[in-house]
Amino acid sequence: MTDNVAEMAKPLADVPSNVPADRVVDFDIFNPPEIDEIGLHEAWVKLQQSTPHEVVWTPHNEGHWIALRGKRVRAMYRDPDHFSSHVIWLPKSEGLQYGLVPTRLDPPQHTPFREVLNNAIGITVTKEVEPIVREVAVEIIEDLAPRGACNFTEDYAKQFPVRVFLKLLDIPYEDVADVKKWVDQMTRPDGSMSMEEVMENFFRYVDPIIDDRIANPGEDLISRVVNNDIDGRPMTRAEMRGLVSLLLVAGLDTVVNALSFFMEFLARSASHRHELVENPKKIRLAVEELFRRFPVVAEARMVKVDTQVDGVTMKAGDMVCVPTILGGTDDQMNKCPMQVDFNRKDTSHVTFGDGPHICAGQHFARQEARVTIEEWLKRIPEFEIAPGSKIQHKSGIVCTVEDLPLVWKVK
Amino acid sequence: MKIKVAIPERGETEIEARSGWTVMEALRDAGIPIAARCGGGCACASCHVHIDPAFFGKLAPVSEDETDLLESSDHYDVGASRLSCQIICDDALDGLALSLQPDSLED
Ligand code: HEM
Ligand code: FES
């Protein structure tokens, strides 16, 4: 917890006049109270259950609202006229600086870019590329199975989506180290390079590939992105680079951590494992249940015009955290929400957001998770958390499982 | 393309939809009160619609997963029911007429 010293030293924002005193909570989305003791989702749900209100305000991270109920979060995601994507990360001063096209655009500017993303990674493509995804999963798991132990986050979760992407982009496997280095810097900058340098290096690498795919279009992901137009005009180079980078980074950290939460749960629950080993057909809906119970994203919206919500006035420019973490885990959305029930009916969640920006890769993400669990359980049906290890969660824009040491008996 | 939407007890309306989006997304973004509780994952059935017979046969075939979910609905009609999150808008479907079902209304 040493790296939190700087965090704690940050000044708290003053409570603005539009925030009633009974709405003020002491909650840092990057370090929720008790996360180390009770776990990520439990720490957020504790905030939700601590108040009758649907929206509260915290002075941490420059001061912002937090929507606490799943239905409220969904309604905000569906209402870009009041809750804009102009800033989607907290704190606001940082959210104003970063963000790839079109994540920070509202409709109608967002719409044509979103169509390119849909064509590149939507339902249709997802179905087509399933064999590639499976091949990569099998490759990694067959390599791990005889070892009897692994750190799941490092040895599977961080390897799998990058390798899948290289294949989808049709980039030679030798390049994996380079690509992974830039991607790591984009998603988890360690300060060794500035963001500009990272992007410059990455663009220097993808530009010739983009040129090639314009000249010789194929079935790969880059071809599917760059050979499109935007409302009838050709795409600019900056837009092509942006969309390719977005596809790379949006589908990595999220998948890494969702898979890690899922495997942490399965490692701890023999009965849920057995249910799936005995009936692999259940895995598809089981994955949905796991996405419901273990959402990992906590982003924000910027209030566009003064808006009344749950008895308070949010002012234009105010930030609202719209945590997907409090969707499926909300007892007003699902009965006994903290319980994992693979036979649950009427599952409701906002794990992939909602509205116009709903995750463009949601079908692909579900497939990556399903294929992982299918192929893993075939080869490693029994596994547990390495005895004596304590699993740490971290909260953030994308919440993480720090390390996940697993052990199993080798056949 | 245009979609004609009938909503139980609330009448009919017509919306504009762009190809490449799912029908559920087109309904949602036009402000139609569709529940779509799983966000389009073919996992909740709360985007269930009945498709007008003139269009039903023009849609891409139903997957096994979709049928499984539809069959669990009280309003399942084998000749009309689809999950709107599994239909992709396409100009060939211009004029698509559908009706929301009680299980797909936002609560
Ligand atoms: C566990 C997996 C994933 C989760 C939980 C997740 C979650 C999300 C969420 C909550 C958003 C909404 C952002 C917003 O409204 O501002 C989003 C957007 C997005 N996601 Fe995912 N995602 C996942 C996997 C993926 C994958 C695998 C891809 C790509 C293949 C992907 C690509 C995208 C893109 C491109 C956007 C931006 C869409 C837009 O702004 O229109 N995601 N994701
Ligand atoms: S939105 Fe859940 S099945 Fe269509």
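**View 1. Strands 1 and 2 of chain A, with V55(A) opposite A67(A).** In this predicted model, V55(A) faces A67(A), a residue of strand 2 of chain A. The two strands run antiparallel and are joined over four bridges. Strand 2 of chain A covers residues 64–67.

**View 2. The three-stranded sheet of chain A.** A further open sheet of chain A has three strands in the order 4-14-11. Here the pairing is antiparallel. Strand 4 (149–151) and strand 11 (384–385) of chain A each have a single partner strand, so one side of each has no neighbour in the sheet. Strand 4 of chain A meets strand 14 (residues 405–407) of chain A over three bridges. Within this pair, C150(A) has L406(A) as its bridge partner.

View 3. Strand 1 (residues 2–7) and strand 2 (residues 11–16) of chain B pair in the antiparallel sense, over six bridges. One of the bridges links A6(B) to E12(B).

**View 4. The surroundings of ligand 1.** The ligand is surrounded by 27 residues. The closest are H110(A), R114(A), R301(A), H357(A) and C359(A). By class, the shell holds 15 nonpolar, nine polar and three charged residues. Helix 6 (110–121) of chain A gives the largest share, four residues.

**View 5. Oxygen atoms of ligand 1 and the side chains beside them.** An N or O atom in the side chain of R301(A) lies 2.7 Å from an oxygen atom of ligand 1. For the side chain of R114(A), the distance from a ligand oxygen to an N or O atom is 3.0 Å. The side chain of E299(A) likewise places an N or O atom 3.0 Å from an oxygen atom of ligand 1.

**View 6. The contact between chain A and chain B.** Chain A brings 28 residues to the contact, and chain B brings 27 residues. Together the chains bury about 2,100 Å², with 44% of it on carbon and sulfur atoms. How many salt bridges join the two chains? The count is six. One salt bridge joins the side chains of K281(A) and E64(B), at 3.8 Å from N to O. Twelve residue pairs are in polar contact between chain A and chain B.

**View 7. The side of chain A that touches chain B.** Helix 4 (70–77), helix 6, helix 7 (123–144), helix 16 (283–293) and helix 17 of chain A each give two or more residues to this side. Helix 6 of chain A makes the largest contribution, six residues. By class, this side has five nonpolar, ten polar and 13 charged residues.

Notes:
Residues are numbered from 1 along each chain as its sequence is written. Chains are lettered from A and ligands numbered from 1 in the order in which they are written. This is a predicted model: local features need pLDDT of at least 70, side-chain atom pairs count only at pLDDT 80 or more; totals for chains, interfaces and linings use all residues. Side-chain values use heavy atoms; hydrogens and water are left out. A residue is near a molecule or strand if one of its heavy atoms lies within 4 Å of it. A polar contact is a pair of N or O atoms within 3.5 Å; within protein, one must be able to donate a hydrogen and the other to accept it, and residues adjacent in sequence count only if both atoms are side-chain atoms. Ala, Val, Leu, Ile, Met, Phe, Trp, Tyr, Cys and Pro count as nonpolar, Asp, Glu, Lys and Arg as charged, and the others, Gly among them, as polar. Contact means heavy atoms within 4.5 Å. Buried area is the accessible area (1.4 Å probe) that two parts lose on being put together, summed over both. A salt bridge is a side-chain nitrogen of Lys or Arg within 4 Å of a carboxyl oxygen of Asp or Glu. Two strands pair if DSSP finds at least two bridges between them.
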